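Hi everyone, thanks for coming. Let me put the structure up, and then I'll walk you through a few spots in it.

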Amino acid sequence: QVQLVESGGGLVQAGGSLRLSCAASGRTFSPYAMGWFRQVPGKEREFVGQVVWSGRSTLYADSVKGRFTITRDNAKNTVYLQMNSLKPEDTAVYYCAARSSGLNSYDSWGQGTQVTVSS
């Protein structure tokens with residue numbers, strides 16, 4: 001069982017930056033990938049980006065490409081989402097997720113952290 005805990009959300013003005021963290025715990029933690037998603041009330045959860053745990057390959061949604069960066073610290077079992085040039089439309093609850101090896105979808109989720117970008 002993997003537990004994921006996000007932190008770092010908050011209120012920021014448009015154009016500002018925030019860094020989210022996601023700390024993972026569990027007896028064994030060796031996912032295929034770690035991802036970030038976001039959700040606005042009334043809308044479906046949206047993929048933001050992911051990083052392959054054993055390498056450095058990353059993938060981003062077009063809406064955040066060039067503004068958001070995902071990094072990971074394997075020694076700390078932590079993944080980060082650096083968000084720059086934030087826009088009001090980035091306002092959402094952000095979730096981190098872990099995708100186990102051999103699976104095609106994310107199977108462990110954090111509780112989410114609110115990010116609010118004011119105009």
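Let's start with Arg 38 and Asp 90, whose side chains meet in a salt bridge, 2.9 Å from N to O. By salt bridge I mean a side-chain nitrogen of Lys or Arg within 4 Å of a carboxyl oxygen of Asp or Glu. This pair links distant parts of the chain: Arg 38 sits in strand β4, residues 33–39, while Asp 90 is in the loop between β8 (78–83) and β9 (92–99). They're 52 residues apart.

Quick housekeeping before I go on. This is a predicted model, where local features need pLDDT of at least 70, side-chain atom pairs count only at pLDDT 80 or more, and totals for chains, interfaces and linings use all residues. Residues are numbered from 1 along each chain as its sequence is written, and side-chain values use heavy atoms, with hydrogens and water left out. As for the element names, helices (H or I, at least four residues) and strands (E, at least two) are DSSP runs, numbered from the N terminus.

Back to our pair: are Arg 38 and Asp 90 buried or exposed? Both are buried. The cut-offs are under 20% relative accessible area for buried, over 50% for exposed, and partly exposed in between, with a 1.4 Å probe and protein chains only. Asp 90 has a relative accessible area of 0%, so it counts as buried.

Through shared partners, salt bridges join Arg 38, Glu 46, Arg 67 and Asp 90 into one network.

How many salt bridges are there by this rule? The count is four. One of them is between Asp 62 and Lys 65, at 3.0 Å from N to O, and here both residues are exposed.

Next, the disulfide, meaning a pair of cysteine sulfur atoms within 2.5 Å. The count is one, formed by Cys 22 and Cys 96, with their sulfur atoms 1.9 Å apart. Cys 22 is in strand β3 (residues 18–25) and Cys 96 in strand β9, so to speak two distant parts of the chain, 74 residues apart. The torsion about the S-S bond is about 45 degrees, which means the disulfide is right-handed. Cys 22 is buried, at 1% relative accessible area, and Cys 96 is buried at 0%.

Now the nonpolar core, which is a set of buried Ala, Val, Leu, Ile, Met, Phe, Trp, Tyr and Cys residues joined through side-chain atoms within 4.5 Å. The largest one has 27 residues, and Met 34, Trp 36, Leu 81, Met 83 and Tyr 94 have the most contacts inside it. Elements giving it two or more residues include β3, β4, β7 and β9.

Tyr 94 ties some of this together. Contact means heavy atoms within 4.5 Å, and, leaving aside neighbours within four places in sequence, the contacts of Tyr 94 include Arg 38, Leu 81 and Met 83.

Last stop, Thr 58 in strand β6. At 34% relative accessibility, Thr 58 is partly exposed. Not counting residues up to four places away in sequence, Thr 58 touches Gln 50, Val 51 and Ile 70.
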